[in-house]
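Hi everyone, thanks for coming. I'd like to walk you through a structure today, so let me put it up on the screen.

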Amino acid sequence: MTRTAKAGLEALLTPEGSVLVLIDHQPFQFANLNSHESTMIVNNVVGLAKAAKAFDVPTVLTTVIEERGGYLIKGLQDVFPDQKPINRTFINTWEDRRVVDVVERTGRKKLIIAGLWTEVCVAMPAIQALGEGYDVFVVTDACGGASAETHDMAVRRMEQAGVVPITWMAVISEWQRDWARESTASALQQVLSDHGGGSGIALAWELQLLATPTADGAGV
């Protein structure tokens, strides 16, 4: 049984209740990523990681047999330059006690997962952690599978088990919740500018307009 509400305000994510696990964003996995365009996954997971850092959300990095499958992608490692990913042999991350111990020490029960591939290294830990009392959220657009079908079937399977599918911009929006929270608003704006696509472009335009004087010399 999960421990928090599935509807209402309490069902939404908060920085204080969240813990993020990023799984196997490595060259070998990207080589057979066919459900999404690779650069989109890189963009989204790096944006998610930067937001987690800005909101002080504990983030676990993990790889599988990195000496063969390659190191964590540079853009992601650069967000946490001093953190060495937990290098596993288990396909199922949640069977590696080191990962579980790190998550347990946070005391947080809203577990957010993104990784490659969705049908294997994401679905397995998501389903297991759900059964161990965590509310599990899978960031579907920071994950990918060997095909569109395998990704889709994995998401469907996880949904049937009770996992919540979510997108990276939904996660960071729930963390922010209110633009009056100035302590994180500037950092989040930078994340959106760098990784938010059209939203980032629109934000830059808005900031330009706010900074542009009108004919009488006043700001817009």
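Let's start with a loop: Glu37 sits in the stretch between α1 (27-31) and α2 (38-54). Please keep in mind throughout that this is a predicted model. If you look for Leu188, it is 151 residues away from Glu37 along the chain, and the two C-alpha atoms are separated by 24 Å.

Now to the sheet. Which order do the strands take? Reading across, we have β3-β2-β1-β4-β5-β6, an open sheet of 6 strands with parallel pairing. At the edges are β3 (86-88) and β6 (164-166), each of which pairs on one side only. On average, neighbouring strands here are turned by 25° against each other, direction ignored.

Let me zoom in on β2, residues 59-64, which pairs with β3 in the parallel sense over 3 bridges. Within that pairing, Thr63 stands opposite Asn87 in β3. Also packing on the sheet is α6, which touches β1, β3, β4 and β5, and its direction makes about 170° with that of β4.

That brings us to β4 itself, residues 110-115. How many of its residues are buried? The count is 6 of the 6, so β4 is largely enclosed by the rest of the structure. Both faces are covered: on one side we find Lys110, Ile112 and Ala114, on the other Leu111, Ile113 and Gly115, and all are buried.

What does β4 pair with? One partner is β1 (residues 18-23), in the parallel sense over 6 bridges, and there Ile23 stands opposite Gly115. Another is β5 (residues 135-139), which runs parallel to β4 and is joined to it by 4 bridges; here Ile113 faces Val138 of β5.

Next, a helix pair. Two packed helices are described by the angle between their axes and the distance between the axes. For α6 (residues 118-131) and α7 (residues 148-161), the axes come within 10 Å and cross at roughly 5°. That angle makes α6 roughly parallel to α7. On the α6 side, the contact residues include Val122, Ala126 and Leu130, and α7 brings, among others, Ala154, Val155 and Met158. By type, the residues of this contact divide into 9 nonpolar, 3 polar and 2 charged.

A quick stop at Gln77, which lies in helix α4 (residues 74-77). Gln77 is buried, at 18% relative accessible area. Setting aside its neighbours within four places in sequence, Gln77 is in contact with Leu61, Leu72, Gln83 and Pro85.

Finally, some backbone details. Most residues other than glycine have a negative phi, and most peptide bonds are trans. Against that background, have a look at the bond joining Leu116 and Trp117: this one is cis, with omega about -10°. Trp117 is placed in the loop between β4 and α6.

Asp56 is not a glycine, yet its phi is positive, at about 60°. You'll find Asp56 in the loop between α2 and β2, where Asp56 is exposed with a relative accessible area of 63%. Arg177 also has a positive phi, near 65°, and belongs to the loop between α8 (168-176) and α9 (182-195). At 33% relative accessibility, Arg177 is partly exposed.

Terms used
Residues numbered from 1 in each chain as written. Predicted model: local features only at pLDDT ≥ 70, side-chain atom pairs only at ≥ 80, totals over all residues. Heavy atoms only, no water. Axes fitted to C-alpha atoms, helices over the stretch in contact; angles between N-to-C directions. Helix = DSSP H or I, 4+ residues; strand = E, 2+ residues; numbered from the N terminus. Parallel < 35°, antiparallel > 145°, perpendicular 65-115°, else oblique. Contact = heavy atoms within 4.5 Å. Nonpolar A, V, L, I, M, F, W, Y, C, P; charged D, E, K, R; others polar. Buried < 20%, exposed > 50% of the residue type's maximum accessible area, 1.4 Å probe, protein only. Pairing = 2+ DSSP bridges.
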